[in-house]
Amino acid sequence: MRIIVNPAANGGRLGRKWPRIAERLAEWGLAAPVVVTEAPWHATELAAQAVAEGVQRVVVAGGDGTVCEAAEGLYRAGSGELAILPLGTGNDGARTLGVPTDLEEAARVAIAGAIRAVDLITIGEHAVLNAIGVGLTGDINDRAIGIKEAKIPLLSGILVYLLAALASLFRYRMQKVKMVAGDGNYDGTMLILAVHGGPTTGGGFALTPAAEPDDGLLDGCLVEEVGPLGRLARLAAAMRGALGKKKGTHEVQAPWLELHFEEPLPAHLDGNSVTLEPPVARFEVVPGALKVVVPSPSSHRPDSGC
């Protein structure tokens with residue numbers, strides 16, 4: 001077992017609190033060599049290296065971005081198991097997998113939870129566990145990163161993304177796209193494209209509430225351009241899991257999806273900021289590509305022990 005820690009997670013709070021957290025984890029039976037990320041995507045390298053050195057289980061202490069990076073590393077390595085200590089801002093990947101937000105419970109799951117094979121979604125050179133956001137959601141993510149880096153006291157979780165969303169709603173400029181997914185397609189303006197393996201992003205915005213992480217399908221949700229008041233209404237609908245009921249929303253379930261566009265688009269991969277370059281981005285499901293450690297179905301509190 002090896003623990004990957006992102007000290008920058010949750011606005012740098014994890015780095016400051018890690019010594020005490022490590023003591024508590026050891027008290028609960030979770031003690032293993034620790035490696036620390038030093039830059040974006042470093043967790044991908046560290047996870048792949050762990051597998052190459054014979055480590056079977058990689059425990060990620062951090063947020064969705066770090067979890068996604070480690071998942072990509074295990075996918076590239078072709079082996080290994082991913083366990084999560086949800087210590088980031090949104091923790092949507094952990095929520096999708098049923099990993100407890102309580103640290104002690106999450107540690108017990110990491111030690112002795114059950115193994116579940118889940119899908120990954122590939123986009124270019126990357127593999128993503130839970131959520132990809134393109135357009136407005138990519139812009140919101142960029143703003144959320146800035147808010148987290150500002151280290152505003154008492155501002156965490158969905159509040160960070162809600163504040164970022166309010167800032168982006170009236171400033172983001174849409175563009176025309178063509179979406180092709182399975183037998184369906186859409187040609188027109190795009191405000192948001194969510195491509196998910198799980199139901200939520202941004203700490204609880206349910207853009208694809210029906211998504212399952214192991215059904216061999218991606219869930220897509222494209223929202224057409226609307227005015228400022230319409231954007232606010234769709235933000236509220238996303239918080240309720242009702243975005244798909246709004247006019248101008250197109251929902252798809254498919255093993256792959258292509259987006260054709262003419263200008264670079266802001267995007268995020270489980271919170272990791274990227275820019276999609278034209279003319280096309282292809283999203284494709286790899287069924288059962290990753291083994292994750294989840295709560296045992298027979299017990300809420302798995303027995304501890306390594």
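Visitor: In which loop does tryptophan 41 lie, between which strand and which helix?
Guide: This is a predicted model, in which local features need pLDDT of at least 70, side-chain atom pairs count only at pLDDT 80 or more, and totals for chains, interfaces and linings use all residues. Residues are numbered from 1 along each chain as its sequence is written, and side-chain values use heavy atoms, with hydrogens and water left out. Helices (H or I, at least four residues) and strands (E, at least two) are DSSP runs, numbered from the N terminus. The loop that holds tryptophan 41 is between strand E2 (34–36) and helix H2 (42–52).

Visitor: Is aspartate 270 buried or exposed?
Guide: Aspartate 270 is in the loop between strand E14 (265–269) and E15, and its phi is also positive, near 50 degrees. Buried means under 20% relative accessible area, exposed over 50%, and partly exposed in between (1.4 Å probe, protein chains only). The relative accessible area of aspartate 270 is 6%, so the residue is buried.

Visitor: Which residues does a cis peptide bond join?
Guide: Most peptide bonds are trans. Here omega is about 15 degrees at a cis bond, and one of its residues lies in the loop between strand E15 (272–276) and strand E16 (280–294). The bond joins proline 278 and proline 279.

Visitor: In E14, which residue is the bridge partner of isoleucine 132?
Guide: Strand E7 (residues 131–135) has five of its five residues buried, so E7 is largely enclosed by the rest of the structure. Two strands pair if DSSP finds at least two bridges between them; E7 is joined to strand E10 (residues 192–196) by five bridges, antiparallel, and isoleucine 132 has valine 195 as its partner there. E7 also pairs with E14 over three bridges, in the antiparallel sense. In E14, the partner of isoleucine 132 is leucine 269.

Visitor: How many residues apart in sequence are the parts tied together by glutamate 53 and arginine 2?
Guide: A salt bridge is a side-chain nitrogen of Lys or Arg within 4 Å of a carboxyl oxygen of Asp or Glu, and the structure holds twelve. In this one, the closest N and O atoms of glutamate 53 and arginine 2 are 2.8 Å apart. Glutamate 53 lies in the loop between H2 and strand E3 (57–62) and arginine 2 in strand E1 (residues 2–5), so the parts they tie together are apart in sequence by 51 residues.
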